[in-house]
Amino acid sequence: MDLRQLQALIAIADHGSFSSAAAALHTVQSNVSSHIARLEKELGVQLVDRQAGRLTEEGLAVLERARRITAELEAAAADVAALRHEVSGTARIGMIGTTARWLAPLMLDRIAVAHPQVKLVIGDGTSATLEPHLAAGSSSPDLIERPLFDEDLVLVVPSGHPFADRSKVEIVELNGIELLLPAPGTAFRKEIDDACRLRGVTLAPRAELDGVRLIASLTLGGYGPAILPATGATEGLQGFARITVAGLPRRTVGLVLRRRGRPSAPARAMLEVLETVVNSNLDPRSGLHAPSQSK
């Protein structure tokens, strides 16, 4: 088993065919086929279903390990390079959509100054979709989390709304008001429902949507008021009011890392930038606070 074989397997998984994998690896298809055949022979199993054009169950199991091995080799090379000269390489981070909208521009600006040779790869998704990518198939005990910041949940309404001239409302005043709400079963919806249940409030969904960023876009498009995290209501608010809701909890946004393994030099540089820009941009007036809990 050698690195080229593992790289070939990863490329097939990422690009969907032997020919596309060869193009991504800047080689010919016969080389990719040869690498996979030798790996299959060594392991005694079929890793790629040639007819379906996808990895077998055994192939997926090897793929998880292959990604970790290549990531560790890249990290080793980056660590050695960082000892000799400026930190360089690629650092990957996944962010929930609303946080990314606020945080990604700040990080890109800061890292361009602090570590110009580090390239950021930023993924956008929900906590549920990001965790498997981070764990690479592992269960959540393989992950550690620490809080980054707390953010208020705020009500966003158009300028003509009865609440538009108010800076604060009580949660009981939302009873029966039509809102764009997160989809049932999501963590954000549960936070809102739990707070409403404690106060005997029943929300009236105009629509239920999977994705906070989608809710924010539709709200700012005039499709209805919504409860949003503070980071999801920082831009494009001309003609809209952002109102504090007494009785809604703050949301904690955390940083999640693999428990095993040491982050590469580019990843450590990125984490330093992340914490720096978060700490320097916390502002209670904007609904962004230092974390109240430690994990």
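**Exercise 1. Is His35 buried or exposed, and which residues does His35 touch?**

*Solution.* Start with the place: His35 lies in helix α3, where helices are DSSP runs of H or I with at least four residues, numbered from the N terminus. Next, take the accessibility: His35 counts as buried because its relative accessibility is 14%, and buried means under 20% relative accessible area, exposed over 50%, partly exposed in between (1.4 Å probe, protein chains only). Finally, leave out neighbours within four places in sequence: His35 then contacts Arg4, Gln5 and Ala8, contact meaning heavy atoms within 4.5 Å.

A word on the model: it is predicted, so local features need pLDDT of at least 70 and side-chain atom pairs 80 or more, while totals for chains, interfaces and linings use all residues. Residues are numbered from 1 along each chain as its sequence is written, and side-chain values use heavy atoms, without hydrogens and water.

**Exercise 2. At what angle do α1 and α3 pack?**

*Solution.* Helix α1 (residues 3-15) packs against helix α3 (residues 29-43) at about 110 degrees, with the axes 9 Å apart. Therefore α1 is roughly perpendicular to α3 (65 to 115 degrees). Now find the partners: Arg4, Gln5, Leu6, Ala8, Leu9 and Ile12 in α1 meet Val32, His35, Ile36, Arg38, Leu39 and Glu42 in α3.

**Exercise 3. Where is His26, and what is its phi?**

*Solution.* His26 sits in the loop between α2 (18-24) and α3. Its phi is near 60 degrees, a positive value in a residue other than glycine. Most residues other than glycine have a negative phi. Last, His26 counts as exposed, at 74% relative accessibility.

Technical notes
Axes fitted to C-alpha atoms, helices over the stretch in contact; angles between N-to-C directions. Helix = DSSP H or I, 4+ residues; strand = E, 2+ residues; numbered from the N terminus. Parallel < 35°, antiparallel > 145°, perpendicular 65-115°, else oblique.
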